[in-house]
Amino acid sequence: MKINADQINLITKRGLRGDLKSFERLLDFLEKYEGISVIKYGMYSLIFQIAMNKFIDTSKDCEECGGKCCQIGYPVPVYGFDYEELRNRLNTDDLKKLEKVGNNLFLLRRPCQFQKGWLCSIHKIKPYACLSYPFATEDEQKEVINSYDGKGVPDFKVPEYCPAGKRVKDIMNKIINDLINKLGRVPTPRELYNELKSRYYRNEETTSK
Ligand code: SF4
Ligand code: SF4
């Protein structure tokens with residue numbers, strides 16, 4: 001069965017929200033194209049993203065930080081597939097917080113009006129750009145992706161002000177180094193995911209902003 005880009009994006013969001021069957025289905029699909037550098041980059045990036053969303057509890061870091069990622073930076077992109085989810089769940093006033101800038105593109109200006117204290121008031125339906133923070137959407141990753149040659153695990157950048165991202169990166173680096181020592185080579189995305197899951201799987205939700 002063929003799946004289109006929007007379906008892949010929705011499966012990705014389900015996965016990042018903790019539906020591991022969806023996430024593993026996505027890895028199965030992407031693995032067929034792992035020989036392409038940009039796909040391999042994306043797979044490693046997704047594994048860092050799910051580490052932050054599902055496996056590693058960063059709630060204390062986010063609470064102490066106060067939710068800076070929702071307050072500073074460029075506007076958050078909200079794509080068509082995000083909008084479809086939001087449209088069904090938000091009231092008319094809340095939908096007006098999204099600024100339409102193209103056929104299939106909206107923006108949420110920061111400071112984001114959906115932030116309540118340090119928390120996101122639309123946590124369960126927040127856009128992909130928020131779910132993937134900071135390992136995919138930030139401008140800093142542009143350099144990392146442009147210089148990635150398909151060898152090794154990308155050295156993702158984390159903004160100075162984001163202790164949660166730093167914690168996740170440190171933990172992931174430790175897992176990667178342990179795997180390098182064990183295997184004698186850099187782990188594939190699947191090997192990295194399996195090791196992350198075996199160390200951190202808990203059948204409960206973690207809380208991030
Ligand atoms: S993800 Fe990073 S920047 Fe955002 S609230 Fe958590 S610690 Fe702060
Ligand atoms: S939608 Fe939620 S997570 Fe995204 S910027 Fe707004 S408050 Fe932050």
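This is a predicted model: local features need pLDDT of at least 70, side-chain atom pairs count only at pLDDT 80 or more; totals for chains, interfaces and linings use all residues.
## Ligand 1

Around ligand 1 there are 12 residues, and those that come closest are Cys62, Cys65, Gly67, Cys69 and Cys162. Two elements, α4 (residues 59-65) and α9 (residues 163-183), each give two or more residues to this shell. When the residues of the shell around ligand 1 are sorted by class, 9 are nonpolar, 1 is polar and 2 are charged. The space that ligand 1 takes up is the largest cavity.

## A pair of packed helices

Helix α2, which covers residues 20-31, packs with helix α10, which covers residues 189-200, and their axes lie 11 Å apart at an angle of about 160°. Angles over 145 degrees count as roughly antiparallel, and α2 and α10 are therefore roughly antiparallel to each other.

## Two cis peptide bonds

The peptide bond that leads from arginine 110 to proline 111 is cis, and its omega is near 0°. Proline 111 has its place in the loop between β3 (105-108) and β4 (115-116).

Another cis peptide bond leads from tyrosine 133 to proline 134, where omega is near -5°. Proline 134 is found in the loop that lies between α7 (128-131) and α8 (141-147).

Definitions and conventions
Residues are numbered from 1 along each chain as its sequence is written. Chains are lettered from A and ligands numbered from 1 in the order in which they are written. Side-chain values use heavy atoms; hydrogens and water are left out. A residue is near a molecule or strand if one of its heavy atoms lies within 4 Å of it. On a 1 Å grid over the protein atoms alone, a cavity is a set of points where a 1.4 Å probe fits but cannot get out, and a pocket is an open set with protein on both sides within 12 Å along at least five of seven lines; lining residues have an atom within 4 Å of a point. A molecule sits in a cavity or pocket if more than half of its atoms lie within 2 Å of its grid points. Helices (H or I, at least four residues) and strands (E, at least two) are DSSP runs, numbered from the N terminus. Ala, Val, Leu, Ile, Met, Phe, Trp, Tyr, Cys and Pro count as nonpolar, Asp, Glu, Lys and Arg as charged, and the others, Gly among them, as polar. Axes are lines fitted to C-alpha atoms, for helices over the stretch in contact, and angles run from 0 to 180 degrees between N-to-C directions. Angles under 35 degrees count as roughly parallel, over 145 as roughly antiparallel, 65 to 115 as roughly perpendicular and the rest as oblique.
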